[in-house]
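Dear colleague,

My findings follow directly after it.

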Amino acid sequence: MPPKKAPAQEKKVLLGRPSNNLKIGIVGLPNVGKSSFFNALSNTDLGKAANFPYATINPEEARIPVPDTRFDWLCDLYKPVSRVPAFLTCIDIAGLTAGASTGAGLGNSFLSHVRAVDGIFQVVRAFDDAEVIHVEGDVDPIRDMEIIQTELRLKDIEWVEKQLDTLKRSGRALGNNSLADKAKKEEIATVEKVLKTLSVNNKDVRKCEWTNKEAIVNGLSLLTAKPVTYLVNLSERDYARKKNKWLPKIKAWIDTNNPGDALIPFSVALEERLSSLSDEEKAEAQKDGAQSALGKITQAGYASLDLIRYFTCGPDEVRAWTIRRGTKAPQAAGVIHSDFENKFVCGEIMTFDDLKEYGSEAAVKAAGKLRQQGKPYEMVDGDIAYWKSGA
């Protein structure tokens with residue numbers, strides 16, 4: 001007898017909205033450098049940077065181009081009339097404080113702004129400056145991170161308890177026979193697991209693995225389900241010499257509490273200074289000094305949302321199209337136009353690496369590296385695609 005096939009591994013749920021238009025929010029305590037960072041990142045003065053808490057109340061939004069050397073290379077090859085890179089949408093959210101989950105410091109409003117985004121840039125202050133007040137009185141990034149984590153969890157617990165109460169009240173008469181009743185019981189069990197994860201296991205929802213049967217977790221729009229990238233704001237001096245007394249402690253805290261989350265040191269003071277310079281002056285200033293971290297931060301935020309991009313190329317336009325990891329070819333084509341998805345025939349796909357190696361589309365085709373892919377094909381980051389659709 002032939003050996004039995006190993007059971008297919010169940011695909012884990014991808015947390016978050018099933019969209020290619022995702023947003024990342026800049027979160028932290030007041031006066032840690034959020035708005036100044038947002039201004040430097042977006043090259044604007046939209047963020048209300050000031051030396052007092054709650055200078056920002058209404059969130060500001062900006063689209064940030066995502067640096068990509070592959071996109072730059074493709075533009076050099078095709079020399080197109082139009083160049084459209086991938087973008088990351090960033091939101092500047094007002095500072096959260098201890099007690100925000102119960103409404104302190106306009107907390108309910110601010111937490112609703114966090115709920116509306118898909119990922120978090122958490123700015124952590126690790127610089128001393130007597131002229132920049134700290135809402136808690138002194139600089140302690142570990143305490144600050146614990147405040148943010150606690151407030152997000154408490155709000156999630158409150159939210160999940162309400163959802164569970166509603167589900168249980170409507171589920172009192174459930175039987176065991178109908179599929180609808182079984183589905184409702186599974187939903188209740190999943191929400192109970194979410195509550196246990198938050199309140200008993202003291203874990204963020206994103207740190208627990210969820211199966212396809214537990215996909216209901218996405219419908220809860222939980223704050224702790226959002227991916228977090230920790231951005232540690234250092235003085236320009238500490239950033240340049242790559243030393244700061246808090247960095248090892250911050251790394252240890254993340255490894256203990258949220259293992260796997262990204263940590264990126266940067267300096268808002270440096271980024272502000274560089275943002276006031278011309279491109280030539282900026283390049284000259286970074287030759288011998290510290291490098292800007294904005295490109296690295298943007299790329300990390302984009303990746304944290306499980307976003308990838310594919311390219312369409314030609315003399316008229318080179319464009320990066322944003323999709324979520326795991327997107328099939330028809331849905332990727334639909335990002336350009338719904339007709340491409342509805343009338344999808346196939347895609348002609350080549351990898352960026354193949355095009356770079358062979359130097360032209362004709363050479364890629366001659367080498368047999370241009371592939372026709374149908375509806376089951378799962379897009380890979382960096383694919384170059386030409387779509388065929390029916391009439």
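Two strands are said to pair if DSSP finds at least two bridges between them. By that criterion, strand 1 (residues 23-27) pairs with strand 5 in the parallel sense, over four bridges. Please bear in mind throughout that this is a predicted model.

One of the residues involved is R125, whose bridge partner in strand 6 is N233.

How enclosed is strand 5 by the rest of the structure? A residue counts as buried when its relative accessible area is under 20%. Seven of the seven residues of strand 5 (residues 119-125) are buried, so the strand is largely enclosed by the rest of the structure. In a regular strand, side chains alternate between the two faces of the sheet. Both faces of strand 5 are covered: G119, F121, V123 and R125 are buried on one side, and I120, Q122 and V124 are buried on the other.

The nonpolar cores

The largest nonpolar core contains 72 residues, and F37, L74 and F121 touch the most other members. Helix 4 (residues 141-170) gives the most to this core, with five residues. Apart from this core lies another, of 18 residues, which include I157, I188, W210 and L222. As for L74, its contacts beyond four places in sequence are K79, F311, C313, V318, F352, L355 and I384.

A buried loop residue

N244 is located in the loop between helix 6 (236-241) and helix 7 (247-257). Its relative accessibility is 10%, so N244 counts as buried. The side chain of N244 makes a polar contact with the side chain of D238, at 2.9 Å, and reaches the backbone nitrogen of W246 at 2.7 Å. When residues up to four places away in sequence are set aside, N244 touches A126, L234 and D238.

The chain as a whole

The protein chain has 14 helices and twelve strands. Of its 391 residues, 46% are buried. Among contacts between residues at least 6 apart in sequence, 71% join residues at least 24 apart. The accessible surface of the chain comes to about 19,700 Å², and 52% of this belongs to carbon and sulfur atoms.

Yours sincerely

How values were computed
Residues numbered from 1 in each chain as written. Predicted model: local features only at pLDDT ≥ 70, side-chain atom pairs only at ≥ 80, totals over all residues. Heavy atoms only, no water. Core = buried A, V, L, I, M, F, W, Y, C linked by side-chain atoms within 4.5 Å. Buried < 20%, exposed > 50% of the residue type's maximum accessible area, 1.4 Å probe, protein only. Helix = DSSP H or I, 4+ residues; strand = E, 2+ residues; numbered from the N terminus. Contact = heavy atoms within 4.5 Å. Polar contact = N/O pair within 3.5 Å; in protein donor to acceptor, adjacent residues only side chain to side chain. Areas by Shrake-Rupley, 256 points an atom, 1.4 Å probe, with all protein chains shown as cover.
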